[in-house]
Structures are given as C-alpha cells and as structure tokens.
Amino acid sequence: MTEPAAGSAARPPLRAPECAHAVLHDVMVTMRDGTRLATDIYLPAADGAIRPGRWPVVLERTPYDKARSQTNTPDGAFWARRGYACVKQDCRGRFGSEGEFISYPSEGDDGIDTFEWIRAQPWCDGRVAVTGSSYYASTAQAILCRNPRGLVAAVIRVGAGDYHEDGAWSGGAFQLTHNVNYTLGLAANGKEAAADSHVARAIAKALEPANAFALMRRGVLPEGGSVLSLAPSYDAWYQDWQRHELYDSFWHQDGYRFDYKAAADVPVLLIATWYDAFLGGMLDAFQGYAEGKSSPVEMIAGAGYHSSVYSMSSVAGDVDFGPDFPIDVPAAILRWFDQHVKGVDRGLSSGRAFHAFRIEGGDGSRTPSGNLRAGGSWRCFSAWPPPDAVPTPFHLGADLGLHRDIPPAGSLSYTHDPADPVPTVGGNVSSGLEIVLAGPHDQRGDRRLSQCRDTRPLAERPDVLVFRAAPLAEDTELSGMISVVLHVSSSAVDTDFTAKLIDEYPPSPDYPDGYAMNLQDGIVRARLRSFTQAGPGYRRLYAQRNEPLEPGVVVEVTIDLWAISVLVRAGHRIRLDVSSSNFPRFDVNPNTGEPFAGRRLPPVVARNTVHVGPSFPSRLILPLRQAV
C-alpha cells in the first residue's frame, strides 16, 4: 500500500542534452478574434542551423513574460536541446501580445487556438504536451480540459483548480495579500504602465511593502478609488472579484474552474506543496483527472510553499526539512514527458501514485543558519487520502484540551475586535512575501511584519483559543485530509472563525519557549459557511449562499484545512488555535453582515463563542495512520 519513494519521484536523474537549439522570436499567432499573441519557438539545432525534422512540442503560455527564466524550471532551450520543440507564448494583453488581459477567462479559447496552430506547423510531429506553474498552470489546464486532438501529456505545477476558493476567496473570506499584491504586480508591467511612465511609477510605489500593506488595511478598494484605477483593465476584473463573493455563475467561467470530467484522458503529473495557497486545487486535480480515466495520474507533494518549486533549497519558511526535501522539477518533468510523449521507458508506474513528503519533527535544535531543524522523507501512496489513514475526531473541551472522547458540555468565549486582528505568521501564502511570511514559522509575533506589534506568542492573545492534546507518548503520523467542525454562536450577524493546526515542540536549549510550527490553517465566514464537496479527497467550495447569523443562536461551521503528511514526534503536542481573524492574508470581518464590496457600516466588536460537549461536538478531524 505504501512504501518510501526515496526521493526518486521527486529527483530522477537528469538526461543530458542531445543537441544545440535555435529560437524564433516574437512570431505573432492569430487568435479567432484577430488578436495576435507573441510567441517564441525553440527548435533543435546543429552547426548553427535548425535541424530538419518534426518534433513533439512542449507548450507554455504565461502572463509573466515568455522570455523570463526561473530557477529549477526547464526553459525553452532545455527542451530543444533534448529533442523537443518548445513554444512559449505571452498571454493576451501581456508583454508582446495584443489585446486586453483579463485574468483567466480568455485562456481556454486562446490556448486551443494556439494548440491548433502548433499542430499545423511543419516542425510539429502532431504530439503536444502542456505544462506550466502558478497562473500558467491554469493556461495548461484550460487546454487539458478542452481535450484537443493531439494532446498527449500534461504537467501541472502549483496551480489553482477553482479560483473562487484558491485565489480570490477562501472559505468566504477575501484573500487580501494575494489579491492586492498579485493585481498590482501584474498592473506594474501591464499595457497602461508601459504607455505612461507616471502610471508605472505610481503602481511601483504602491507595491512597496508599507504602501501595499496600507491598501490591505483598507479592505475594499472601490472602483476608481485606489491606485488600481490608473490601470482600468486590471481594476475591472479586481472589482469583479470583490463583487462576486458568492460562488455564482461568474466563477463558472472557463479558466476560473476546470471540468475534470471533460479533460483529455492523458498522463498527468501534478507538483504541489503543503504550504501552497493552491494546494486545494491540486488535491482536486489529482482526484478529477483520474476519475473515469485510464491514463496514469501522479502527484508529488513537497513540504514547501508556492515559490519552493523554483528552488533547490532545503529550507521553507523558518524550517530546514533536510536534503531529501527539494524537488528537482526539470528532471521530474523530463522523465514524465520522455516516457509519456516519446515512449521512452523511464520506470514510471502505469496507474495512480501520490508521492508525499512526510514532514518529520526534529529534536528542537537550530541549524547554523538559524532555522528549526526538522526533516522528512518521501512516501508513495496508491491513493489520496491513504486508504489506511483513519479520520479520527479530537474533541474540543471547555478545559482547552483535545480529547478522543466527547467531553462534558461547556463553552468558551472571546472578543473579536476588527481593529486588532490576529496577524498572519506563515501559512499557505503565494503572493506578497515582502508583507507576510510563507510556510512554517514559530507562531509568535515578528517585528519584520507590519501586522505584528510585538514578538509575543500568538497563543497569549486573549482572542485566540488554544486547544492542546496531551504530550504524545509515541510518534504519531497524520497523512490525509484535515477539517475542523465547530459549534459556534456570536453576538453579531456575521463573523469569521479561523483554525490553525500546530505541531507544538517542547522547550529545548535553542528554543527555551518551545516552537509552535504551523502545519495547516483555514477560515470560514459564518454567513457564507455553506459548501459543496465532490468527494472525500476533494476540498470544500464555500459561499454557496448567504446565511446571516442570528445573534446568540448556535450554528455548525466546518473549516477546511485541506491536507498534510507529518510525523508528530513523541513528547510533542497536537495543538489547535481557534480565532476570528488572520490578517492580512484574509480581510478582517467587520461583523456587520454586509457584502464585502458593499460595506458601509462601521465595524462592530463581536463576542464569539465555541460550544463543546455531547450536544455540540466541536472537533478536529485528523487522518491517523500507523507510523512507519
């Protein structure tokens, strides 16, 4: 059922180049509406000339500049030197391409038009593979889910699966850090900035951490009322994101979500990280691309955050996970395409496989570079969640304990003041790393962060309920899906509830106060608590309808913490922090019940209560499996 992957899935040997390469720059490819997109074509070459012949093609479409190279990422030359043609294209409205950029919805039609153009070229042998990371993971998926003739394989890296839940919103809360920083970053090199140096300077100024943080503190950015109005084409879709807090037809557009059932039945490799903002989408993709299909689907899930796939460092956040942690992305993709595009046997399986990096708690020592020393190893599962992982409830008690048995009835209350939110310290962050910390960190204030007033542990805040299990008698593995079910009430008509799963290290010489290492966290906006879920291996999609609270009336809310694989060491404690804010990763709920984009009332302080016991079994559900 399970066996160590020994890093082989993540770091296969890299095949040496076979030849030189040549590039055709800025070939303008015409879309169905007449818009032309700038495209670079990399071809095998020898003796200074393009080699004759037809080649399988690797296609990437990006809004981040087709000429841009990233570390730990195969570029066009990489593919051409190994006997592939590679096509890299600027998305509509970006850099050399014509038209207006609208984040995501145009990528399906443009992707298919480009795909069909490639298949008609004399250097294409009819076989095309798609790949991409982050935004351009979505451009690849937009093609994959259209199922075009000639598509033979795909590799998707740290990509969204449903943008309402992955990017713009999460659990009904607006993802401030991502949305503000991401939109400003795109606008900074967009058409308006390129045409007017004053606009370019203003947006660049707004991107400076102090100024971007000030925008986040505002929460809603009204149309025409912020620096984004200098780039109207970007402000337009940002306003759409703000207005559509409910999971309505706006988010059903092609590009914002993907129809996995309609996808091509081709081999798909997924590369994800536990601390990525898009982890939920990658979990959905692993299930969706395999259901009802026969082609191999594999996932590699590492311990880092969104940007870790562009690095070979053993460090993510404030934690060193050891030498087995880094994922050699070029080698992994090459092996996938060699076997599934060219038909060269690279030893890959013919079914489903989930390669998980299991985080393994260390001894509480600090590395010479100042990071917590942890570790980890690769495990290979035939399915996700692992079939032998048992969803096990840990019940919240009025004594602030986590119990295997349901405790006596009780309740715990705290005050949520929107003027004093709990600061974001680490977690699943994909953008704005100058403002927030990504990945695992000790859960205490950090003076590098504008949102932190001091360096006290977050557990000392009066608006954070800290639930702890007894120190573990033996190493305990958690591998699978995680969720928190709370029975709550509030004095307000709306409020948020947050949950954060923590591996709490005992005190050590290097960390006299211990180390509270965040594993996963999530949020739910109480009035947007309704959700759907496609199956046990999928994440939840929230904001299906608007359901204001009745003050004082108990309701059940579920907070999705997605997934993890971790070995919590003997002597450590499993800890759950519950509160009502996580700023600036998420907007602060003013507790007024108004729609996000229509907020006008002054914020109100809410008294929030978590109810426990037989009638209100609030619980943390963890995937326990036998540690090996």
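**Figure 1. Strands E14 and E16 run parallel and are joined by two bridges.** Strand E14 covers residues 319-320, and within this pairing Asp 320 sits opposite Arg 373 of E16. Helices (H or I, at least four residues) and strands (E, at least two) are DSSP runs, numbered from the N terminus. Two strands pair if DSSP finds at least two bridges between them. Both strands belong to an open sheet of three strands in the order E13-E14-E16, with mixed pairing. Its edge strands, which pair on one side only, are E13 (315-316) and E16 (372-373). Strands of a sheet pair through backbone hydrogen bonds, either parallel or antiparallel. Please keep in mind that this is a predicted model, where local features need pLDDT of at least 70 and side-chain atom pairs count only at pLDDT 80 or more, while totals for chains, interfaces and linings use all residues. Residues are numbered from 1 along each chain as its sequence is written, and side-chain values use heavy atoms, with hydrogens and water left out.

**Figure 2. Helix H11 is largely enclosed by the rest of the structure, because twelve of its twelve residues are buried.** Buried means under 20% relative accessible area, exposed over 50%, and partly exposed in between (1.4 Å probe, protein chains only). H11 spans residues 329-340 and reaches 16 Å from its first C-alpha to its last, close to the 16 Å expected at 1.5 Å a residue. That expected span is 1.5 Å times one less than the number of residues in the helix. Among the buried residues you can look for Trp 336, Phe 337 and His 340. Which elements cover them? They include strand E5 (55-62), helix H1 (76-80) and strand E7 (124-133).

**Figure 3. Strand E5 is mostly covered, with eight of its eight residues buried.** E5 pairs with E7 in the parallel sense over four bridges. E5 also runs parallel to strand E6 (residues 85-90), joined to it by six bridges.

**Figure 4. The largest pocket holds about 620 Å³ of space.** A pocket is an open set of points on a 1 Å grid over the protein atoms alone, where a 1.4 Å probe fits, with protein on both sides within 12 Å along at least five of seven lines; lining residues have an atom within 4 Å of a point. Grid points are joined across faces, edges and corners, and the volume is the space filled by probe spheres set on the points. Of the 25 lining residues, Tyr 64, Arg 68, Asn 181, Ser 430 and Ser 431 lie nearest the centre of this pocket. Helices H3 (135-144) and H5 (176-188) are the elements that give two or more residues to the lining, and H5 has the largest share, five residues. By class, the lining has eleven nonpolar, eleven polar and three charged residues. Here Ala, Val, Leu, Ile, Met, Phe, Trp, Tyr, Cys and Pro count as nonpolar, Asp, Glu, Lys and Arg as charged, and the others, Gly among them, as polar.

**Figure 5. Arg 599 lies in the loop between strands E28 (573-579) and E29 (606-612).** Is this residue buried or exposed? Arg 599 counts as buried, because its relative accessibility is 18%. Leaving aside neighbours within four places in sequence, its contacts (heavy atoms within 4.5 Å) include Val 220, Arg 525, Asp 587 and Glu 594.
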